[in-house]
Amino acid sequence: MKNRRVLGLLLSVVVIALNCGAVIADEARQLKAGAATANITPPLGELIIGGWNPFPASHIHDDLHARCIVLDDGRQKVAVVVCDVLGIPREVIDLAKSRIEASLNIPGDSVIVSATHTHSATTTRGPASVMWPDELSDYQRFLAGRIADVVQCAVNQLEPAEVGWGRVDEPSEVFNRRWEVTDPELLKNPFGRTDRVRMNPPAGSAALVRPAGPIDPEIGFLSVRSKDGHPIALLANYSLHYVGGVPQGHVSADYFACFCRRLEQHFAPTVSGDRPPFVALLSNGTSGDINNINFREKGVRREPYEKMNEVADKVAAKVIAAEKTVSYLPSVSVGGIGTDLSLKLRKPDAETMNYLKTTTAAQPDQPRTKEHIYLERLTKLQNGPESVNVHLQVLKIGELSIHSIPFETFVEIGLELKQRSPFAQSFTIELANGWYGYLPTEEQHKLGGYETWIGTNFVEFTASRQITETLLKLSQQLR
């Protein structure tokens with residue numbers, strides 16, 4: 001019996017030693033990183049969306065891009081791709097990921113693909129609804145190919161590297177756009193009912209009471225440099241819907257591209273001529289109810305592109321200063337995990353449909369009123385499937401985690417994920433791996449307002465809670 005105990009103890013020591021050796025070996029692996037960009041600018045004449053009435057693109061102010069970082073820890077690779085478009089249907093992203101898996105052997109759950117949500121890009125929707133396209137358009141297929149291309153190019157650039165992450169606040173450009181107001185006329189909706197809050201009320205109005213939710217001023221970022229200290233890439237994340245201020249017909253990547261140019265101008269002088277160019281990425285955080293308008297003050301008229309450059313300058317300056325304090329690591333573990341979550345689609349009731357049909361029948365010469373638009377959307381919902389499978393995903397890069405949500409996500413959701421994450425730092429990229437409209441919390445649904453309207457929000461009221469808990473479970477598994 002004594003000999004068996006001794007033998008068992010010796011075996012335990014050997015197992016522990018082997019496990020410790022494996023951990024040390026993993027930690028000693030040299031991280032590799034690569035980054036690239038791909039042009040995804042559409043042809044002129046395609047429809048620019050983002051407002052109530054689409055119109056054709058007539059001028060390219062600045063090219064649209066897909067921007068990518070790939071990290072390789074010696075066992076696994078992860079990639080983040082950020083595209084200068086309003087949103088990307090899942091079918092397009094799935095096509096891109098299938099090509100990436102086939103050519104590069106990187107699992108789809110290790111690749112996050114997102115849209116910045118610029119409102120001055122042409123549509124990535126196909127011939128049918130955003131929710132369930134019957135077929136892909138030419139531009140959708142082009143976009144899927146360019147997403148796969150940019151990951152391939154980033155892999156081609158892989159070199160020994162170091163990574164670090166950090167965060168810094170910029171509160172002056174983020175405001176909750178949902179307001180309690182005293183004027184009942186501001187609370188009317190297209191369904192003949194009255195909400196409790198108003199999206200984008202008149203700036204400086206005496207009817208304003210208070211914002212209906214919080215903000216998140218934090219800019220989270222991941223910085224990547226070569227083993228010998230040359231900057232490779234920087235991915236930032238800020239919860240700001242978009243900025244705008246673009247003449248009609250202009251194609252532009254909005255302040256996201258302005259930010260990237262500022263960082264590239266800052267880091268470019270430190271990159272020698274024989275190295276790949278530095279790549280900056282700015283992903284959209286949880287900004288479904290956030291924009292950069294201070295509604296307490298009267299609006300000030302701006303020149304085209306003036307405000308977006310101002311916002312980009314502020315955000316870039318904060319990140320450039322914060323990057324100098326980052327501690328870089330030559331070896332971290334990376335990985336990805338994901339799952340599908342089935343959500344019920346909302347269906348319009350008979351009272352709502354009858355109201356819209358009656359109202360639009362009395363507006364025969366006004367085919368693009370809100371009532372016409374929502375009748376069209378609700379008819380598609382009524383005739384569509386009962387549920388939709390959305391893909392949720394988490395990446396880890398050392399002690400940093402990145403969540404992905406395929407909705408325009410309310411800021412409260414991102415704040416909760418940060419607070420409850422098991423990682424030292426985390427942030428959420430919205431409109432990633434799909435595009436399914438707005439995602440309010442259950443509490444915000446009770447207040448009404450544009451983002452909660454059926455046809456703007458498509459999924460069941462409890463969706464935000466289901467998504468939050470699923471992402472936290474995935475984070476625990478990945479941790």
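Analyst: His-403 stands opposite Thr-428 in S22. In this predicted model, strand S20, residues 400-405, runs parallel to S22 and is joined to S22 by six bridges. Both strands belong to an open sheet of four, ordered S18-S19-S20-S22, with mixed pairing. The edges are taken by strand S18 (334-344) and strand S22 (425-430); each has a single partner strand, so one side of each is left without a neighbour in the sheet. On average, and with direction ignored, neighbouring strands of this sheet are turned by 20° against each other. Helix H8, residues 411-420, packs on the sheet and touches S20 and S22; the direction of H8 makes about 155° with that of S22.

A helix pair can be described as well. Helix H6 (residues 350-361) packs with helix H7 (residues 370-383) at an angle of about 140°, and their axes are 9 Å apart. Because of that angle, H6 is oblique to H7. The crossing in which H6 passes H7 is left-handed. On the H6 side, the contact is made by Thr-352, Met-353, Leu-356, Lys-357, Thr-359 and Thr-360; H7 contributes Glu-371, His-372, Tyr-374, Leu-375, Leu-378, Thr-379 and Gln-382. Sorted by class, this contact of H6 with H7 holds five nonpolar, six polar and two charged residues.

Technical notes
Residues are numbered from 1 along each chain as its sequence is written. This is a predicted model: local features need pLDDT of at least 70, side-chain atom pairs count only at pLDDT 80 or more; totals for chains, interfaces and linings use all residues. Side-chain values use heavy atoms; hydrogens and water are left out. Axes are lines fitted to C-alpha atoms, for helices over the stretch in contact, and angles run from 0 to 180 degrees between N-to-C directions. Helices (H or I, at least four residues) and strands (E, at least two) are DSSP runs, numbered from the N terminus. Angles under 35 degrees count as roughly parallel, over 145 as roughly antiparallel, 65 to 115 as roughly perpendicular and the rest as oblique. A crossing is left-handed if the near helix is turned anticlockwise from the far one by less than a right angle, and right-handed if clockwise. Contact means heavy atoms within 4.5 Å. Ala, Val, Leu, Ile, Met, Phe, Trp, Tyr, Cys and Pro count as nonpolar, Asp, Glu, Lys and Arg as charged, and the others, Gly among them, as polar. Two strands pair if DSSP finds at least two bridges between them.
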